[in-house]
Each structure stands twice: as structure tokens, then as C-alpha cells.
Amino acid sequence: MTRPATSADRRTRSFTALSCVAFLMSACADGANLKRVPSYDPGEYTLGVDDQIRVMTYGQDQLTSDFRVDSTGKVAFPLTDGLQAAGLTTTQFADEVKQALEHSRMLRDPKVSVEITAYRMISVLGEVARPGQYPYQPGMTMLTAVASAGGFTYRSLESRAYVIRQEGDKSVIGKLMPQDYVKPGDVIKIYERHF
């Protein structure tokens, strides 16, 4: 036989229900339910839109210059209609330049190298001292990205972050852990901690 619910029982159930709702809301709000984004290996860096590069053609000063990868992923290299750079490593792009120069019959066996002079930006938002865009640096992790943005605020959830990452031609949403590598172009949001 059940006894009638007292006002204390109703308050306890009400408090328990509110606690569960608050827990679920905070779990959803701070990225706890997100899957980790695919890992990124900084050693496999490929060129992308807004990277700035220096192409050096040895012995040919007029074919040595700085370029920016444009919004179509191309570089406006002289004597070409533009060379596709996005998605290539610097070594692969140097080979593209070499082939273009040989194809135009301007040079025989050109010696070409490519280096990155400025990486594309990452964005760090949310509970950091100075939210904004910052240059990517090879080997950058979530923690070093936060350090670039002035560090965590006193309200920051420091154990994970929300990230939007380009993977090929699609955007992936997930979470980053403090030691995870940041990928150029990432948009990172540091959550507010719920006490």
C-alpha cells in the first residue's frame, strides 16, 4: 500500500528532476556529448586558402617571389593560368611549378623550392582573454592556441573545447582535448564552466 505523497516528497522529486535537467543541459551545452574530431598530424601540412608562400626558382630571380593561395586554391604564378596549390604539400607544389616551367619551355630542368612564409589563421572564441584570429603555428595544440589568445578566463572549462574543422570539402564539428593538435583554419570555442 502506498502512502500519499507529502509536500517534502514532492519537493525532493522536484529538486531531483530539476537537477537532472540542469545536468543534461550543462552536458549538452559544454560539448560533453560531441565526438572528438579526426586527429591531425602537423607533419602532413597541406597548403590552403590564405597561406602565403615563397617560390624560389634557383638562378631565375624574375621567377622567385611571394604568393598567396587565393580563394579558389590557386597561386597566380607567372607564365601560367594559375597553379592549383590547395591540398598539396610544399614539395608537391614545387613539382607543379617545375612541370609548368618545363611545359612552357621557359626553362630546362628548373630547380624549384617552396616554403610557407605565413600560415592561415585559426579562430579562438569564448572564454579566453582575447578572443580573435591568430596565425597557426606548426605543432600548435588546443592549449597553445588558448595561450595565443591570452589564456583561459577564470570561468573557462579547460578540459575540452568545441571545434569546427574543414575535412576535405566538408565541415566537421566535434571536440578537442587540451593535447590535441589544432589544424589550420580551425574555429575553436572555449566553453564556460558550470559550477
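Q: What volume does the largest pocket have, and which residues are the closest to its centre?
A: In this predicted model, the largest pocket has a volume of about 270 Å³. Its lining holds 15 residues, and the closest to the centre are Gly48, Arg120, Gln166, Gly168 and Lys183.

Q: How do the residues of that lining divide into nonpolar, polar and charged?
A: Sort them by residue type: six are polar, five are nonpolar and four are charged.

Q: Now the inside. How many residues has the largest nonpolar core, and which have the most contacts inside it?
A: A nonpolar core is a set of buried residues joined through side-chain atoms. Here the largest one has 40 residues, and Ile53, Val55, Phe77, Phe93, Val97, Ile122 and Ile188 have the most contacts inside it. Several elements give two or more residues to this core, including strand S1 (52–57), helix H3 (142–148) and strand S8 (156–167). Helix H2 provides the largest share, five residues.

Q: In which sense do S6 and S7 pair?
A: Strands are said to pair through bridges. S6 and strand S7 (residues 132–135) are antiparallel, with four bridges between them, and a hairpin of five residues joins the two. S6 also has four bridges to S10, and that pair runs parallel.

Q: Which bridge partners does serine 123 have in S7 and S10?
A: Look to each strand in turn. In S7 the partner of serine 123 is glutamine 133, while in S10 the partner is valine 187.

How values were computed: Residues are numbered from 1 along each chain as its sequence is written. This is a predicted model: local features need pLDDT of at least 70, side-chain atom pairs count only at pLDDT 80 or more; totals for chains, interfaces and linings use all residues. Side-chain values use heavy atoms; hydrogens and water are left out. On a 1 Å grid over the protein atoms alone, a cavity is a set of points where a 1.4 Å probe fits but cannot get out, and a pocket is an open set with protein on both sides within 12 Å along at least five of seven lines; lining residues have an atom within 4 Å of a point. Grid points are joined across faces, edges and corners, and a volume is the space filled by probe spheres set on the points. Ala, Val, Leu, Ile, Met, Phe, Trp, Tyr, Cys and Pro count as nonpolar, Asp, Glu, Lys and Arg as charged, and the others, Gly among them, as polar. A nonpolar core is a set of buried Ala, Val, Leu, Ile, Met, Phe, Trp, Tyr and Cys residues joined through side-chain atoms within 4.5 Å. Buried means under 20% relative accessible area, exposed over 50%, partly exposed in between (1.4 Å probe, protein chains only).
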